[in-house]
Amino acid sequence: MRDLSKAVLRPFAAGLALATVAMVAVHAEDAKKADPALANQLNPNDKTAEPDEKLLAKDAAAKVEDGKYFDAAGTPTFHITDTGKKVDWYTYSGYRRYHAECHVCHGPDGMGSTYAPALKDSLKYLSYEEFVGIVVGGKQDVNASTQKVMPAFGDNKNVTCYMDDIYVYLKARAAGALGRVRPGDKEDKPEAARKQEKECLGG
């Protein structure tokens, strides 16, 4: 029984810890307007993208630090240049990680499936903290006709070590900044990303 309670509590505790760290990071950031120099350059010919002007404005990068982009609230976000042909490293990594770990249930490109929601829609309203909490601790939706269970990924380093990457990729999909395409070009992998990856994976 003791082992069972540990197995149940560990992902919850991990989710709570990650969400707390995320909230501290977000609130520590001074809110500011998007930096015009970091404006996204979307691909007007990508018919698979569904631009949402409100989300594009809200999610626009306000600053960049060590190759990582943040919106006005200090939350990780995407950055797209070269008329939609080039993405930041984290969005590119998120595309790869999503399709390695998440697409079996949530469908390619965050489009959803018969038994898991379209994350490109969920990220229109889920906050960063809510997203992290659900991924790490799992979620269960039960009603009279269905029972949907999102397993906890708190112990899966292939997910938790790339949480921001997956988040910014899905955020780009939700805002319609990126369509159903594999990013064609990407910014170089920042040294900060290499360091974080090594520390997280224990390499």
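Modeller: A disulfide is counted here where two cysteine sulfur atoms lie within 2.5 Å. The model is a predicted one, and by this rule it has one disulfide.

Cys102 counts as buried, with a relative accessibility of 14%, whereas Cys105 is partly exposed at 35%.

The disulfide itself joins Cys161 and Cys200, whose sulfur atoms are 2.0 Å apart. Cys161 sits in the loop between helix 7 (157-160) and helix 8, and Cys200 in helix 9 (residues 191-201), so the bond ties together parts that are 39 residues apart in sequence. The torsion about the S-S bond is about -85°, so this disulfide is left-handed. Of its two ends, Cys161 is buried at 3% relative accessibility, while Cys200 is partly exposed, with a relative accessible area of 24%.

Next comes helix 8 and its packing. Helix 8 (residues 163-175) packs with helix 3 (residues 89-101) at an angle of about 100°, the axes being 7 Å apart. That angle makes helix 3 roughly perpendicular to helix 8. On the helix 8 side the contact is made by Asp165, Ile166, Val168, Tyr169 and Leu170. Helix 3 brings Tyr90, Thr91, Ser93, Gly94, Tyr95, Arg97, Tyr98 and His99. Sorted by class, this contact of helix 3 with helix 8 has seven nonpolar, four polar and two charged residues.

Leu170 also has a place in the largest nonpolar core. That core has 31 residues, and Phe78, Phe131 and Leu170 are those that touch the most other members. Helix 2 (53-58), helix 3, helix 6 (128-137) and helix 8 each supply at least two residues of the core. Helix 8 gives the largest share, nine residues. In soluble globular proteins, nonpolar side chains tend to be buried together.

Apart from its neighbours within four places in sequence, Phe131 is in contact with Leu123, Met163, Ile166, Tyr167 and Leu170. Two of these partners, Ile166 and Leu170, also meet helix 3.

Notes: Residues numbered from 1 in each chain as written. Predicted model: local features only at pLDDT ≥ 70, side-chain atom pairs only at ≥ 80, totals over all residues. Heavy atoms only, no water. Axes fitted to C-alpha atoms, helices over the stretch in contact; angles between N-to-C directions. Helix = DSSP H or I, 4+ residues; strand = E, 2+ residues; numbered from the N terminus. Parallel < 35°, antiparallel > 145°, perpendicular 65-115°, else oblique. Contact = heavy atoms within 4.5 Å. Nonpolar A, V, L, I, M, F, W, Y, C, P; charged D, E, K, R; others polar. Core = buried A, V, L, I, M, F, W, Y, C linked by side-chain atoms within 4.5 Å. Buried < 20%, exposed > 50% of the residue type's maximum accessible area, 1.4 Å probe, protein only.
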